[in-house]
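Please walk me through this structure in the viewer, one selection at a time. I would like to know what to pick next and what is found there.

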Protein chains: 2
Amino acid sequence: MLVVKIGGGAAIGAEAFARFAADLATLTAEGQQVVVVHGGNAEFSALSAALGMPPRMVTSASGRVTRYTDRATMDAMLMAYCGKVNKTLVGALQAAGVNAVGLSGLDGALASGRRKAVLRGTEDGKPKVLRDDHAGTIERLNLDLLRLLLGGGYLPVLTPPALGEGGVPINVDGDKLALELAVALGADGLLFFSDTPGLLRDITDEGSLVREIDAAAPEAALAAASGRMVVKVEAALGAVGRGVGRVVFADGRAERPVRRALDGEGTVVRAAGVAAETAP
Amino acid sequence: MLVVKIGGGAAIGAEAFARFAADLATLTAEGQQVVVVHGGNAEFSALSAALGMPPRMVTSASGRVTRYTDRATMDAMLMAYCGKVNKTLVGALQAAGVNAVGLSGLDGALASGRRKAVLRGTEDGKPKVLRDDHAGTIERLNLDLLRLLLGGGYLPVLTPPALGEGGVPINVDGDKLALELAVALGADGLLFFSDTPGLLRDITDEGSLVREIDAAAPEAALAAASGRMVVKVEAALGAVGRGVGRVVFADGRAERPVRRALDGEGTVVRAAGVAAETAP
């Protein structure tokens, strides 16, 4: 089982989807079971801007920056993630002969959890308490639905949001959704694709790629990491620690992106004591 | 098997969805299998207007008026139908304890067909040939996916668009999708809900409800019908002629909308020689 997370950056659009689709068509034809999770942040931001809803960013006491998601913003998220991006990706996979089925976390309660409706922190330097936020955390997965679809020969294509109490959609992190799925499904691979060649020591220099992180000695990688990269490295270490065979951060803009990641191109995070592999 | 089509008019929003959800929760708990199909026209129009894409209406030689759907308009359709409306309805059903799964025609190639990319006719009185249209007609249904989900205890919630050649989404009529599904599934009931009490002789007078149409003698109903109603009556007659037990046009704004329609409130179209029923 392979969990493939396709990031929602602006550089990963229709052309990249076609490359993923071609690659996944050959992999699934070889019998590989795959679950795809995708983001949609670039489309979400573009739609929000076009609708006159600029992002409201709130910084928590611990320094974490989150986007305030009121109901109108959540509707825009549903439109971008579940509407445009999910169905465009499903269409690309169908065109390549992969019988993809696109689902959000709400569908079949595939990913459900707890909503945190009150957002506290500072906005533009001023303390704020914002209500009606639609953020939340995943607490349960419906693996039965995934297994039903996989058993029927379908490739599930999943996207946030998740299902909160009272049927309310909650904004959950797509990377976290992919990670929880990979752990729950006992995946032997979890591949994170974004618009960089992998984890970079210097975010402005694609040549500063970290080739490998040994879960037994991650200190060097974490020391060199910064910002969003720290979160990703910690998540990858967590996944490997919870039984996922291998985590790779790879380039979503490349030709044959999945094959390349499986061949070890990108940043490979492997469990302690497991020899590095160069072939799938 | 019951196929329930929920229209996409502005009067059928979150509150109506909650009423449908409560009603469907009790029906499915009694063992009734249900497939829901929904529209989204009001949300689609509102989104298009907000994005600065007013509808371009083209009148064919035969007098049929259609909306020109270029790629940007199709993206707005995906966002409104598959994003906001589909997931809001799924959320309402989940809140009522119904394990709904929302899907478009693209997902699992649930409804696929032929794209007609060239639209000919007149726009604002001028002859036009518009290319890159995303209209089409349904040619195939994937009933296996529906049966897989129904067998697993899920309630499928379906929406246009359908899947065209090359993975391209095609705009198909939601009523037609519901009708084809009802015929293919051998449904004993097909219920069309919109923001009127049923088919009206005079569209401005809710008191002019047509209570019953006998498929053996539809002339009177067709003679009194006009515009969009003719199309609906013909579709209902076609469905009954192709084996659907009963078609009801009913009020989507009512309390207990599904129960009321099953009790015969609205316009009931029944097959020749079948006695009128007043209970499900």
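This is a predicted model: local features need pLDDT of at least 70, side-chain atom pairs count only at pLDDT 80 or more; totals for chains, interfaces and linings use all residues.

In which helix of chain B is the place of F17(B)? Select F17(B): its place is in helix α1 of chain B.

**Stop 1: around F17(B)**

Show the surroundings of F17(B). This residue counts as buried because 23 other C-beta atoms lie within 10 Å, and the cut-off for buried is 20 or more. Leaving aside neighbours within four places in sequence, the contacts of F17(B) are T88(B), L89(B) and A92(B). F17(B) and L141(B) are 124 residues apart along the chain, and their C-alpha atoms are separated by 26 Å.

**Stop 2: strand β1 of chain B**

Next select residues 2–6 of chain B, which form strand β1. Is this strand mostly covered or mostly uncovered? Strand β1 of chain B is mostly covered, with five of its five residues buried. In a regular strand, side chains alternate between the two faces of the sheet.

Now look at the strands paired with β1(B). With strand β2 (residues 34–38) of chain B, β1(B) pairs in the parallel sense over five bridges. In that pairing V3(B) stands opposite V35(B) in β2(B). Strand β13 (residues 189–194) of chain B also pairs with β1(B) in the parallel sense, over five bridges. Select K5(B) to find its bridge partner in β13(B), which is F192(B).

**Stop 3: the sheet of chain A**

Move to chain A and colour the strands. In what order do the eight strands of the open sheet lie? Their order is β5-β10-β2-β1-β13-β15-β16-β14 in chain A, and the pairing is mixed. At the edges stand β5 (100–104) and β14 (212–214) of chain A, each with a single partner strand, so one side of each has no neighbour in the sheet. From one strand to the next, the twist averages 20°.

V3(A) stands opposite L190(A) in β13(A).

**Stop 4: backbone details**

Most residues other than glycine have a negative phi, and most peptide bonds are trans.

- P160(A) and P161(A) are joined by a cis peptide bond with omega of about 5°. P161(A) lies in the loop between β10 and β11 (162–163) of chain A.
- P160(B) and P161(B) are likewise joined by a cis peptide bond, with omega of about 5°. P161(B) is in the loop between β10 (155–159) and β11 (162–163) of chain B.
- D132(B), which is not a glycine, has a positive phi near 60°. Its loop runs between β8 (126–130) and β9 (135–141) of chain B. D132(B) counts as partly exposed because it has 14 C-beta neighbours inside 10 Å.
- R256(B) has a positive phi of about 45° and is not a glycine. The loop that holds R256(B) is between β15 (246–251) and α8 (257–262) of chain B. R256(B) has 15 C-beta neighbours inside 10 Å, so this residue counts as partly exposed.

**Stop 5: where the chains meet**

Finally, show both chains together. How many residues of chain B are in contact with chain A? There are 32 residues of chain B in contact with 32 residues of chain A. On the side of chain B that touches chain A, α3 (71–95) and β5 (100–104) of chain B each supply at least two residues. The largest share, 13 residues, comes from α3(B). The residues on this side of chain B divide into 18 nonpolar, ten polar and four charged.

Of the interface residues of chain B, 100% are also interface residues in chain A, so the copies meet through the same surface.

Key
Residues are numbered from 1 along each chain as its sequence is written. Chains are lettered from A and ligands numbered from 1 in the order in which they are written. Two residues are in contact if their C-beta atoms, placed from the backbone, lie within 7 Å. Helices (H or I, at least four residues) and strands (E, at least two) are DSSP runs, numbered from the N terminus. Ala, Val, Leu, Ile, Met, Phe, Trp, Tyr, Cys and Pro count as nonpolar, Asp, Glu, Lys and Arg as charged, and the others, Gly among them, as polar. Two strands pair if DSSP finds at least two bridges between them. Axes are lines fitted to C-alpha atoms, for helices over the stretch in contact, and angles run from 0 to 180 degrees between N-to-C directions. A residue is buried if 20 or more other C-beta atoms lie within 10 Å of its own, exposed if 12 or fewer, and partly exposed in between; C-beta atoms are placed from the backbone.
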